[in-house]
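Here are a few exercises to work through with the model open beside you. Try each one yourself, then check the steps below it.

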Amino acid sequence: MCTLEKRGDLFLLTLTGDDEHRFHPDTIASVLSLLQQAKSQSTKGSVLITTGHGKFFSNGFDLAWAQSAGSGAIERMHQMVKSFKTVIAALLDLPMPTIAALNGHAAASGLMFALSHDYVFMRKDRGVLYMSELDIGLPVPDYFSELVVAKVGSGIARRELLLSGKKLKGEEAVALGIVDSAAHDSAAGVVEETVNLGERLAAKKWNGEVYVSIRKSLYPELCRMLNLTGNNLASHNL
Amino acid sequence: MCTLEKRGDLFLLTLTGDGEHRFHPDTIATILSLLDQAKSQSKRGSVLITTGHGKFFSNGFDLAWAQTAGSKTGAANRLHQMVESFKPVVAALLDLPMPTIAALNGHAAAAGLILALSHDYVFMRKDRGVLYMSEVDIGLSMPEYFSALVRAKIGTSAARRELLLSGKKIRGEEAVGLGIVDAAGYDSAESVVEATVRLGEKLAAKKWSGEVYASIRKSLYPELCGILGVEARVFATPKL
């Protein structure tokens with residue numbers, strides 16, 4: 001389902017298997033537990049890179065699991081929306097730089113998972129960003145919209161992301177300011193580029209507490225919604 | 001003054017006549033009533049396109065009407081009345097259960113520009129027509145919801161400054177460059193409308209639920225919705 005490896009300073013979180021890596025309560029619990037593990041093992045210079053195997057980074061919540069409950073479907077949706085909030089909070093609260101290396105498609109909560117990282121890299125040739133909610137007829141959770149508002153500056157870009165039903169390819173995602181780069185024609189190329197970035201960031205040997213407090217200060221509304229308090233006063237090397 | 005027609009899935013709201021289409025309490029009430037009408041007739045796939053006739057989309061509030069009040073206090077009261085009554089128009093557009101597109105036939109200034117920006121998509125002409133927030137030149141302060149709308153819709157502080165604090169008359173190409181409008185590649189009012197109709201038809205073909213669309217739109221602007229008293233959380237039944 002998902003694994004966490006250490007490569008020098010880099011934590012590599014991988015959504016394994018060739019499926020759609022949909023977020024089911026069990027996946028959500030696993031991802032959360034691995035993020036907590038990374039947090040407890042973090043040191044100066046730690047960096048997280050998140051990627052996946054196969055055609056999908058993640059295609060969102062496990063709607064089939066929700067539907068299999070019949071009349072309990074809405075309740076299951078609410079459960080996933082609520083528990084996924086803790087994953088977003090854990091990423092925002094992680095005391096190290098975070099980089100998403102999109103091997104493939106990122107849709108709905110899968111896209112939110114990607115956007116919760118400090119840097120997002122995707123492929124040029126394959127893979128789209130897609131907020132499927134409008135086409136499916138699902139309302140968007142408030143913290144999803146808040147994340148988009150926090151991370152994506154232009155009103156036009158936010159609209160293209162949430163209100164157009166478009167499947168955004170790499171080049172357009174870069175132009176809209178949603179992702180950092182879409183320069184590679186393979187998943188391996190994307191991961192390599194994120195590892196290079198990760199190693200450059202790790203070499204700075206930043207204090208993770210300071211990094212996380214500055215990151216959270218950029219997103220006060222989002223943090224408030226996620227019940228993340230701001231101030232971790234860390235000792236500075238003045 | 002203004003009309004509402006239906007063309008298939010598209011609602012066409014037009015500010016008619018060759019004048020400046022300034023917002024007077026009567027115009028404001030009419031626009032509000034037509035938006036209510038579109039809302040009540042909306043179904044899956046509905047889209048609104050707003051445009052005007054002549055050289056102006058709208059040149060803002062009817063300041064001449066305010067001044068005919070005779071006294072300074074009288075004028076200030078009338079202006080205040082227009083500012084307050086226009087707020088529900090912006091709210092109605094934010095709340096409208098369908099995609100909204102502004103097709104600028106000409107100049108959009110002050111409240112006229114705010115009307116345009118209250119739409120999901122804004123198209124303007126390349127050859128004629130400017131965007132102009134005249135308040136700083138006239139010496140009028142900005143209503144809170146005007147600034148909130150600009151902050152909600154326009155991402156960079158440089159673009160916000162150019163719009164609100166420069167007194168510039170921004171032409172099509174620059175407006176696209178600043179991320180204020182979507183497109184300005186058109187050399188006539190007809191071709192702007194045609195482009196918006198094409199976009200409208202593409203959006204209509206998606207047959208989206210208007211309730212879901214409006215709820216996602218409003219979730220992008222929580223602060224603005226708060227100021228306008230627009231209910232942001234609408235729960236729709238998903239087709240799981």
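**Exercise 1.** How many salt bridges does the rule count over all chains? Then take the pair Lys39(A) and Asp93(A) and work out which parts of chain A it ties together.

*Solution.* Keep in mind that this is a predicted model.
- Start with the total: the count over all chains is 25 salt bridges.
- Now zoom in on one of them. The side chains of Lys39(A) and Asp93(A) meet with an N to O distance of 3.5 Å, and the cut-off for a salt bridge is within 4 Å, so the pair qualifies.

**Exercise 2.** Describe how helices H6(A) and H7(A) pack, and say which residues make the contact.

*Solution.* 
- Geometry comes first: H6 (residues 142–151) and H7 (residues 155–162) of chain A pack at an angle of about 145°, and their axes are 9 Å apart.
- The crossing of H6(A) and H7(A) is right-handed.
- From H6(A), the contact uses Ser145(A), Val148(A) and Val149(A); H7(A) supplies Arg158(A), Leu161(A) and Leu162(A).
- Sort the residues of this contact by type and you get 4 nonpolar, 1 polar and 1 charged.

**Exercise 3.** What does the interface of chain B and chain A look like in numbers, and which salt bridge crosses it?

*Solution.* 
- Count residues: 26 from chain B are in contact with 30 from chain A.
- Then the area: about 2400 Å² is buried between the two chains, with carbon and sulfur atoms giving 63% of that.
- Now the charged pairs. The rule finds 1 salt bridge across the interface, and there the side chains of Asp182(B) and Arg159(A) meet at 2.6 Å, N to O.
- For polar contacts, the count between chain B and chain A is 6 residue pairs, both residues being at pLDDT 80 or more.
- On the chain B side, the elements giving two or more residues are helix H6 (144–153) and helix H10 (210–219) of chain B. H10(B) gives the largest share, 6 residues.
- Finally, sort that side of chain B by type: 14 nonpolar, 5 polar and 7 charged residues touch chain A.

Definitions and conventions: Residues numbered from 1 in each chain as written. Chains lettered and ligands numbered in written order. Predicted model: local features only at pLDDT ≥ 70, side-chain atom pairs only at ≥ 80, totals over all residues. Heavy atoms only, no water. Contact = heavy atoms within 4.5 Å. Buried area = accessible area lost by both parts, 1.4 Å probe. Polar contact = N/O pair within 3.5 Å; in protein donor to acceptor, adjacent residues only side chain to side chain. Helix = DSSP H or I, 4+ residues; strand = E, 2+ residues; numbered from the N terminus. Nonpolar A, V, L, I, M, F, W, Y, C, P; charged D, E, K, R; others polar. Axes fitted to C-alpha atoms, helices over the stretch in contact; angles between N-to-C directions. Left-handed = near helix turned anticlockwise from the far one by under 90°.
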